[in-house]
Structures are given as C-alpha cells and as structure tokens.
Amino acid sequence: FGTYLIQKMIPYLNKDNLYSFTSLIVKHLLKLCLNPHGTRVVQVYLEQIKLDNPLLTLFTNSLIPIMPRLINDLNGSFVLMRYASVIPYPNNDVIFDFLNKNLVLNY
C-alpha cells in the first residue's frame, strides 16, 4: 500500500520536495529497482523528471553504475525500458550505449 501512495503523491511534489525525494531515490536506487513495487515508484518518478535536466542528470549518474545488475533482473529491466522510452533523446543514449557495449548475440 505504501508504494501505491507514493506513486500517487509524486505528481503533486513541488520543486523542493522533488529534489528531496530525488536524494532518497538515488540513495536506494538499486534496492528500489529490484523490488516489484519499488520498480513502479521509480517508473512514475521518471515520468515526473523527464524534462528536469538537473534531476535527470543526478538520476542518470546513479543509474549508470547499476545497469549491469538491472539488465539481468526482471524488475530492473523494466526501469531501464521505461528510462529508454520516457527520457527524450539525447539523454536516453546512456541506455542504448550500454546495450550496444554489452549485447551478446547468439546465432
């Protein structure tokens, strides 16, 4: 129930609250992304910050080191997919660059 409440509150956060919330998100990003309920909170959060460059940069810098772990997890991969689909070009290049460098093709 708590994560559902947080998801519903995110769109109503003002700028100061959103910055405070961001510090919590990035501090616990891996744990949130691997959790089925936390994954949804992060996805809703991404929708909220998609056009805020300072917040997006802070989030992206926290996301990059944990991408190898996220790509191998069902919940984590949903966060990466949401990032790639919601965040506008060229900011979403970080996901595609990671995939290009780490993609293994089996023929």
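Is Ile25 buried or exposed, and what is its relative accessibility? Ile25 counts as buried, because its relative accessibility is 2%; buried here means under 20% relative accessible area, exposed over 50%, and partly exposed in between, with a 1.4 Å probe and protein chains only.

Before going further, a word on the model: it is predicted, so local features need pLDDT of at least 70 and side-chain atom pairs count only at pLDDT 80 or more, while totals for chains, interfaces and linings use all residues. Residues are numbered from 1 along each chain as its sequence is written, and side-chain values use heavy atoms, leaving out hydrogens and water.

Let's step back to the whole fold. The protein has eight helices and zero strands, where helices (H or I, at least four residues) and strands (E, at least two) are DSSP runs numbered from the N terminus. The radius of gyration is 14 Å, close to the 13 Å that the globule rule gives for 107 residues, so the protein is as compact as a globular protein of that length. That radius is taken over C-alpha atoms, and the rule is 2.2 Å times the number of residues to the power 0.38. Along its principal axes, the C-alpha trace spans about 50 × 30 × 20 Å. Buried residues make up 39% of the 107.

Now back to Ile25, which sits in helix H2 (residues 15-27). Leaving aside residues up to four places away in sequence, Ile25 touches Leu32, Val41, Tyr45 and Phe59, a contact being heavy atoms within 4.5 Å. Gly38 lies 13 residues from Ile25 in sequence, and their C-alpha atoms are 9.7 Å apart in space.
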